[in-house]
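Please consider the sequence and the structure shown here together. The paragraphs below are intended to be read with both in view.

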2 protein chains.
Amino acid sequence: MTTRPRDSAATRAALLDAAAVLFAERGFDRTTVRDIAGRAGVNQALLFRYFGSKEALFATVMARQSHELLAESPAERALARVLERMLDEEGPRLHDHPLHAALRSVSHDGAAAAIRQRMGDEYAEVLSSLTDAEDADVRADLVLAWLLGIGLLRSVLAKEPLASADPERVSEHVLRAVQVLLERSER
Amino acid sequence: MTTRPRDSAATRAALLDAAAVLFAERGFDRTTVRDIAGRAGVNQALLFRYFGSKEALFATVMARQSHELLAESPAERALARVLERMLDEEGPRLHDHPLHAALRSVSHDGAAAAIRQRMGDEYAEVLSSLTDAEDADVRADLVLAWLLGIGLLRSVLAKEPLASADPERVSEHVLRAVQVLLERSER
DNA sequence: CGCGCATGTAAGCGTGTGCTTACATGACTC
DNA sequence: GAGTCATGTAAGCACACGCTTACATGCGCG
């Protein structure tokens, strides 16, 4: 039978896209290299030619997420924007979001590290700048925990009614409650 | 070499305990029947003699958690008690908590179902009784999401500073913020 | 047009896994 | 003491997995 036309950049991108979707749907352990190669339409040997190992491919998928959520937003708006993006179900992002892959792969050291690094250190720093309370970092972590919990319950576990709740309503509730934590003293 | 003295009840309990600990530490996929049998100190064949399959053993572990968290507490205290238990790190419960096993196994259908059933329907019902708002069920789910997120970030991912934060402080913050969601109208 | 290399595939390897089967033996009953 | 059954182990099976290797061939260059 005919082999696929040669285009290494396209092959690499196809493998990455296939991996992103399948890791988000099934997690690291339940996704096989045969699954990824099959979805990309190539032979599994190419996965090893381009990425070296399944682990390395997973690490590349985890590193793909843009940092635009935190870029160029005043800290006050950062949380609202993060929530908007998390709750926004339009477009293909829902199905290949690295957060889903990470939440589904939480026993995998790399996934756990990705959550700590990505949602952890980067976001918590911004969040803790929103309050002048002494334990700002603990409060920031609590907000972060809530974001992770919402991601888990709504998108990964798809529990109703949260799964189909109006994103604006959810945002409103969360932002209002979080104000209690990320308060600033009067001055 | 000598074989183990015969005691089927003890063997079964040893397998269950070993499974609970290892599923909580590593998740379903990363725990093997050889691991469980080894920790229980028996031959792996006995796992199949007593439980039928690895899947069935996992289901039994998921079903073990007592319902005492919700029993006999007025709804107003339920959330505080749940938080107390989640944040309490003393004793062996931390290391074999089915919630940890479930969070680490979230791609496993049984684990996802266990979270929805256990933390979901049972707790959300109690939580939604705490408010007379029209969307009480969505608010309850948001509170539940936060509990799951705290469990994930503090116990499974062990992210500092939340991992070592004072449980009373954490409870206080969460309960205060949650009051904004689970409010009752004046009357 | 021939050569060489990049890109692709087929086939297979070694290991680990869940599970089964045949056998051993401890314990209890008659 | 013999027989039976429950409980335990050793050994192995079939399959799936991540990964490697040998080979095929498309494409670009001189």
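Predicted model: local features only at pLDDT ≥ 70, side-chain atom pairs only at ≥ 80, totals over all residues.

Residues are numbered from 1 along each chain as its sequence is written, chains are lettered from A and ligands numbered from 1 in the order in which they are written, and side-chain values use heavy atoms, with hydrogens and water left out.

The contact between the two chains (heavy atoms within 4.5 Å) takes 46 residues from chain A and 46 residues from chain B. Together the chains bury about 4,000 Å², of which 66% lies on carbon and sulfur atoms; buried area is the accessible area, for a 1.4 Å probe, that two parts lose on being put together, summed over both. B:Arg30, B:Trp146 and B:Leu157 supply 16% of the area that chain B buries against chain A, more than any other three residues.

Between chain B and chain A there are 18 residue pairs in polar contact, both residues at pLDDT 80 or more. A polar contact is a pair of N or O atoms within 3.5 Å; within protein, one must be able to donate a hydrogen and the other to accept it, and residues adjacent in sequence count only if both atoms are side-chain atoms. On the side of chain B that touches chain A, the elements giving two or more residues are helix 6 (98–104), helix 7 (109–128), helix 8 (136–156) and helix 9 (167–181) of chain B. Helices here are DSSP runs (H or I, at least four residues), numbered from the N terminus. Helix 8 of chain B provides the largest share of that side, 14 residues.

Side chains of opposite charge can pair when their charged atoms come close. A salt bridge is a side-chain nitrogen of Lys or Arg within 4 Å of a carboxyl oxygen of Asp or Glu. The structure holds 14 salt bridges over all chains, and the count between chain B and chain A is seven.

A:Asp135 forms a salt bridge with A:Arg139, the closest N and O atoms being 2.8 Å apart. A:Asp135 counts as buried at 11% relative accessibility, and A:Arg139 is buried at 7%; buried means under 20% relative accessible area, exposed over 50%, and partly exposed in between (1.4 Å probe, protein chains only). A:Asp135 also forms a salt bridge with B:Arg169, with closest N and O atoms 2.8 Å apart. This pair crosses between chains, from the loop between helix 7 (109–128) and helix 8 (136–156) of chain A to helix 9 of chain B. B:Arg169 is partly exposed, with a relative accessible area of 37%.

The side chains of A:Lys159 and B:Asp141 meet in a salt bridge (2.7 Å, N to O), and both residues are buried.

Of the 25 residues around DNA strand D, A:Arg6, A:Gln44, A:Lys54, B:Arg49 and B:Tyr50 come nearest; a residue is near a strand if one of its heavy atoms lies within 4 Å of it. A phosphate oxygen of DNA strand D is 2.5 Å from an N or O atom in the side chain of B:Tyr50, and one is 3.0 Å from such an atom of B:Ser8. Helix 3 of chain B gives the largest share of the surface near DNA strand D, four residues.
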